[in-house]
Amino acid sequence: MNLPIYLLKYIIRIACNYINKISNNYSFKKNEIDQLKKSISLTCWTFFKTMSLNLSVLIICNQSNGNQEIKKVSRIFENDEKQKYQLLKRENINSINFIYHYKFNNFTDLASLNQEIQLFENLNKIVIDRCDLNVIKQIEFSNIKIQDYYLSNHSTNIQINFATNVKEIANLSIAPNNLSNLIIDFFKGQIKVKRILEIDYYSPCQIPFEELLPSKVLTCVKNYDLVILTIKDLYYLLKSSPNLKRLSFYICFDNLIYQLTNKKTLPCKCSGVNDGANNEYFDQTWKNENENENNNNNNNNNNDEDIDQFKFYWDFISNEIKNHKKLSFLKIVNKCLINHDSGSNYQKESSFPQEFIEKFSYPFKMNNSIKAVMFNGFHTPEIYEKIIINGNKSIFHYHSEFLDHTFQKKIEYKESIENLLSKNHHIKYFLLKDKDNNNYLLNYSK
């Protein structure tokens, strides 16, 4: 059956909108997009004209000299005869995407680049892979999006303050040992950031969420890939980022269990609650059995205050996850600032305290937006049983990984998960794997 022409044009416009959207994303596969364009536009003259009217993103893919490439493209647009057979029309272009420019300094002739940009009368955005802000600030265009920016102590405040034409950063990577005031200064430019990554997995979180909360600069962030968080960090992160869709972080499970059980279990030598607590605090808690009555009373008061503070943070976190409408992916991994080699009291155990299981699983079994979870280091099927059996049917993908080689009950764990999957057919994927090898204990998929 032949479709009417108006319907075919409508389908082509949908395809063009898709191409325009992903062409502004640095991760797209250029060869596949080029093939899609050819397969549609070369079908007939009507298809070509329809596609030509609706494509709006110009891709400049040249590592050696970006301004020469845009000049070459611009010359084609000036030729009326060639313009007729050019799929992209200059008057339709509203975005130019420079990809694979690992060093944007290759724009040696900025005056020429600025002149060429002015020829695109409907241009409203320039997208650049990576950049040197000293170069970016010389481009005479007011709306530039950077795909990847690496923030380190070498990124000077002068560069940040003067690059006022940068309006959005897709991926902000934060280097180790950054100072909080550098991160705060960076966000003073009110740049929209969509994803934030920290790249030193043995450091505490460096993002000053509490200080950034009043400015609301993190409301645009949809994706965090972070290092070791405290519960306080997580509290301010969730308050600061209401549009969050993906969250990945590390946390000390022993401290989390310790706090969620009101300090009835053995703690780790780190703090999972507040920045004021350190290993000396925990050493004192367990070593000073012969202290006088006054010190004991003070310790009891401190413990009560810590419990209240943790409860305040956790109640908000639990309620926020439970009612979240946008969060779709969550990854939590066991890692401690003090015990770098996992070192968890529960790493070798097949069961966790029931009080912890109940409190931890509660927000997940009530949530309807999360589609995939990764809990690496929770060596107990009870977590998943509580989430799945007690109501959650919206999480389709699960991933669990053993973080060391000391856990002895892997077969029993695998059998428990298989039994759970046999009774819950809504689960589409469950990956259970060992550390440091490709021998999957379970790779369930349907």
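This is a predicted model: local features need pLDDT of at least 70, side-chain atom pairs count only at pLDDT 80 or more; totals for chains, interfaces and linings use all residues.

Q: How much of the chain counts as buried, and what is its accessible surface?

A: Among the 446 residues, 51% count as buried. The accessible surface is about 21,900 Å², and carbon and sulfur atoms hold 48% of that area.

Q: What share of the contacts with a separation of 6 or more comes from residues 24 or more positions apart?

A: Such residues account for 68% of those contacts in the chain.

Q: How do I read a salt bridge, and how many are found in the whole structure?

A: Look for a side-chain nitrogen of Lys or Arg within 4 Å of a carboxyl oxygen of Asp or Glu. The search finds eight salt bridges. One of them joins Glu355 and Lys264, at 3.5 Å from N to O. Glu355 belongs to helix H15, while Lys264 is in the loop between helix H12 (253–260) and helix H13 (279–287), so this pair ties together parts 91 residues apart in sequence.

Q: Are the two partners, Glu355 and Lys264, buried or exposed?

A: Glu355 is partly exposed, at 26% relative accessibility. Lys264 is exposed, with a relative accessible area of 62%.

Q: What does Lys359 touch beyond residues up to four places away in sequence?

A: Lys359 touches Leu260, Asn262 and Trp314.

Q: With which residue does Lys386 form a salt bridge?

A: The partner of Lys386 is Glu358, and their closest N and O atoms are 2.7 Å apart. This pair links distant parts of the chain, since Lys386 is in helix H16 (residues 382–389) and Glu358 in helix H15, 28 residues apart. Glu358 is partly exposed, at a relative accessible area of 33%.

Q: Which residues are linked in a network of salt bridges?

A: Lys145, Glu168 and Lys194 are linked in this way.

Q: How is a pair of aromatic rings described, and how many aromatic pairs are there?

A: The description uses the distance of the centres and the angle of the planes. The count here is 19 aromatic pairs. One of them, Tyr235 with Tyr236, is edge-to-face, with 4.8 Å centre to centre and 85 degrees between the planes. Tyr235 is buried, at 7% relative accessible area, and Tyr236 counts as buried at 14%.

Q: Which residues form one aromatic cluster?

A: The cluster is made of Phe356, Phe360, Phe364, Phe375, Tyr384, Tyr398 and Phe430.

Q: Where does Arg246 lie, and where does the charged end of Lys428 sit?

A: Arg246 lies over the face of Phe329, 4.1 Å from the ring centre. The charged end of Lys428 is over the ring of Phe396, 4.9 Å from its centre.

Q: Which residues make the nonpolar surface patch?

A: Leu3, Tyr10, Ile11 and Ile14 make a patch of about 370 Å². Tyr10 is in helix H1 (residues 5–23) and is partly exposed, with a relative accessible area of 46%.

Note on methods. Residues are numbered from 1 along each chain as its sequence is written. Side-chain values use heavy atoms; hydrogens and water are left out. Patches are made of residues with over 30% relative accessible area and no salt bridge: like charges are joined within 9 Å, nonpolar side chains (Val, Leu, Ile, Met, Phe, Trp, Tyr) within 5 Å. Accessible areas come from the Shrake-Rupley method with a 1.4 Å probe; for residues, only the protein chains shown count as cover. Helices (H or I, at least four residues) and strands (E, at least two) are DSSP runs, numbered from the N terminus. Buried means under 20% relative accessible area, exposed over 50%, partly exposed in between (1.4 Å probe, protein chains only). Rings of Phe, Tyr and Trp (its six-membered ring) pair if their centres lie within 6.5 Å; planes under 30 degrees apart count as stacked, over 60 as edge-to-face and the rest as tilted. A charge sits over a ring if NZ of Lys or CZ of Arg is within 6 Å of the ring centre and within 35 degrees of the ring normal. Contact means heavy atoms within 4.5 Å.
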